[in-house]
Structures are given as structure tokens and as C-alpha cells.
Amino acid sequence: MPKKTLLVTLTVAVEASDEELASGLSELAQVERSLTRAVNAALEQPRPLGWQTVRSSELDPASSNCGRCTRCGGWVTDRDRPEPLDGLGNGARVDGQLLCDEHLPEGHRWAF
């Protein structure tokens, strides 16, 4: 039976201060290494086909479509704006406030 190739995407938001990022091994780098080891162990191969590394990028509300829910503080992407970030929770703006899917008004198209 031929094998199938599956795409598995893992997204984790990790907060690190400028000081942590400036010092050698930041919290983010530690998380990246832990995730890489865990995924490789779960797949039972040192480097499965197509596996590169866990990649990280900064969540920056000023330059990308992301922010924190006004009510709970969870990271979300505004699904009503261009270029939503895959991996973040669904959110939208209501009366100027960015809200996650759990805090959007009932009946809102992104509320669940």
C-alpha cells in the first residue's frame, strides 16, 4: 500500500521580552527546540521527508493582521481584514474592539 504525505501545521504563540530575545537562548528558542524534538520523536524518524524545522515569526499587530482579544487577551487574527494569519484564533472587530470567536456577539459570522 503506497504511503500518503500529510501536511501537519503546528502554531504556538510564545511571549519573550526584548531582553530575553537579546540574550543567547531565548524562551522562544527553547520552545522551538522542544517542539522539534517532540515532533521528531512522535514521527519516530530523525528527519522525516519534508521536515525542516519549527519556524517562528514575531506577532506584531502594527505590521500584521493580529492582536489580542479585548476581553480575554488571547491572540487572534481579524478574519474580516486582508491577510489573516493562519494558526491564530478567529476574531473580528466589533465597535472598534478586536474580539475572539468566543467573545463575538451571538450570530456574528466568526462567532462559534
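These legends walk through a few close-up views of a predicted model. Residues are numbered from 1 along each chain as its sequence is written, and side-chain values use heavy atoms, with hydrogens and water left out. Because the model is predicted, local features need pLDDT of at least 70 and side-chain atom pairs count only at pLDDT 80 or more, while totals for chains, interfaces and linings use all residues.

**View 1. The four-stranded sheet.**
Here we have an open sheet with the order β1-β2-β3-β4 and mixed pairing. Strands are DSSP runs (E, at least two residues), numbered from the N terminus, and two of them pair if DSSP finds at least two bridges between them. At the edges stand β1 (67-68) and β4 (97-100), each with a single partner strand, so one side of each has no neighbour in the sheet. Inside, β2 and β3 (residues 89-94) run parallel, joined over three bridges; valine 76 sits opposite glycine 89 of β3. Strands of a sheet pair through backbone hydrogen bonds, either parallel or antiparallel.

**View 2. The hairpin of β3 and β4.**
These two strands are antiparallel, with four bridges joining them, and alanine 92 faces leucine 99 in β4. Two residues lie between the strands of this hairpin. In the turn, aspartate 95 has a positive phi of about 50°. At 78% relative accessibility, aspartate 95 counts as exposed (exposed means over 50% relative accessible area, buried under 20%, partly exposed in between, using a 1.4 Å probe and protein chains only).

**View 3. Aspartate 78 and its surroundings.**
Look in strand β2 (residues 75-78) for aspartate 78, which is buried at 3% relative accessibility. A polar atom of the aspartate 78 side chain lies 2.9 Å from the backbone nitrogen of aspartate 80. Not counting residues up to four places away in sequence, aspartate 78 touches Asn65, Pro84, Gly91, Ala92, Arg93 and Leu98 (contact means heavy atoms within 4.5 Å).

**View 4. Alanine 92 in β3.**
Alanine 92 belongs to strand β3 and is buried, at 0% relative accessibility. From C-alpha to C-alpha, alanine 92 and aspartate 78 are 4.5 Å apart in space, though 14 residues apart in sequence. Beyond four places in sequence, the contacts of alanine 92 include Asp80, Leu104, His108 and Trp110.

**View 5. Glutamate 83 in the loop.**
Between β2 and β3 there's a loop that holds glutamate 83, exposed at 67% relative accessibility. Its phi is positive, about 55°, although glutamate 83 is not a glycine. Most residues other than glycine have a negative phi.

Key. Polar contact = N/O pair within 3.5 Å; in protein donor to acceptor, adjacent residues only side chain to side chain.
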